[in-house]
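Subject: Structure for your review

Dear colleague,

Please find below the structure that I am handing over to you. My findings follow it.

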Amino acid sequence: MTRSFLPDRLPDKAKAPTCLIQNPPTPQKEPLKHLLIGSPHAVRSAIHALHVLGYAEVGAWSPFLPTGNPGEVMSILIRQSIAGESVAKSQRD
């Protein structure tokens, strides 16, 4: 005959065990803003160069915005970076 290791019913005063494992704190992330300003060709070239380096997808940059200066545009990229971490390390993770 087999017997259960646990009784069919717990005494009224018995409590279910609680989990003492806590999740590690999540690192604080902060926005890191990149701004490229130059001719449309120069800005486009820089965006593609950063893509080739694996830093950011081409589509992550904003559309070209006029700066008010003739022949000059700007594009913005906002990424989340872990506070105190190098940019290169955040890319590997």
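Across which strands does helix α1 lie? In this predicted model, helix α1, made up of residues 40–52, lies across β1 and β3. The helix runs at about 140 degrees to β1.

Overall architecture

The protein chain contains two helices and three strands. Read from the N terminus, its elements follow the pattern β-α-β-β-α. Of the 93 residues in the protein chain, 17% are buried. The chain exposes about 8,000 Å², and 61% of that area is supplied by carbon and sulfur atoms. As for contacts between residues at least 6 apart in sequence, 56% join residues at least 24 apart.

The sheet

The three strands make an open sheet with antiparallel pairing, and their order is β1-β3-β2. Strands β1 (29–38) and β2 (65–66) stand at the edges with a single partner strand each, so one side of each has no neighbour in the sheet. In general, the strands of a sheet pair through backbone hydrogen bonds, in either a parallel or an antiparallel arrangement. Here, ten bridges join β1 to β3 (residues 73–82) in the antiparallel sense. With regard to individual positions, G38 is placed opposite V73 of β3.

The nonpolar surface patch

Which residues form a nonpolar patch on the surface? The patch consists of L35, I37, L65, I76 and I78. Together, these residues have about 420 Å² of accessible area. At least two residues of the patch come from β1, and at least two come from β3. One of the patch residues, I37, belongs to strand β1. Its relative accessible area is 49%, so I37 is classed as partly exposed; the class of exposed residues begins over 50%.

Is S81 buried or exposed? S81, which is located in strand β3, has a relative accessibility of 10% and therefore counts as buried, given that the cut-off for buried residues is under 20%. Leaving aside residues up to four places away in sequence, S81 touches Q28, K29, E30 and L32.

Yours sincerely

Key: Residues are numbered from 1 along each chain as its sequence is written. This is a predicted model: local features need pLDDT of at least 70, side-chain atom pairs count only at pLDDT 80 or more; totals for chains, interfaces and linings use all residues. Side-chain values use heavy atoms; hydrogens and water are left out. Two strands pair if DSSP finds at least two bridges between them. Helices (H or I, at least four residues) and strands (E, at least two) are DSSP runs, numbered from the N terminus. Contact means heavy atoms within 4.5 Å. Axes are lines fitted to C-alpha atoms, for helices over the stretch in contact, and angles run from 0 to 180 degrees between N-to-C directions. Patches are made of residues with over 30% relative accessible area and no salt bridge: like charges are joined within 9 Å, nonpolar side chains (Val, Leu, Ile, Met, Phe, Trp, Tyr) within 5 Å. Accessible areas come from the Shrake-Rupley method with a 1.4 Å probe; for residues, only the protein chains shown count as cover. A salt bridge is a side-chain nitrogen of Lys or Arg within 4 Å of a carboxyl oxygen of Asp or Glu. Buried means under 20% relative accessible area, exposed over 50%, partly exposed in between (1.4 Å probe, protein chains only).
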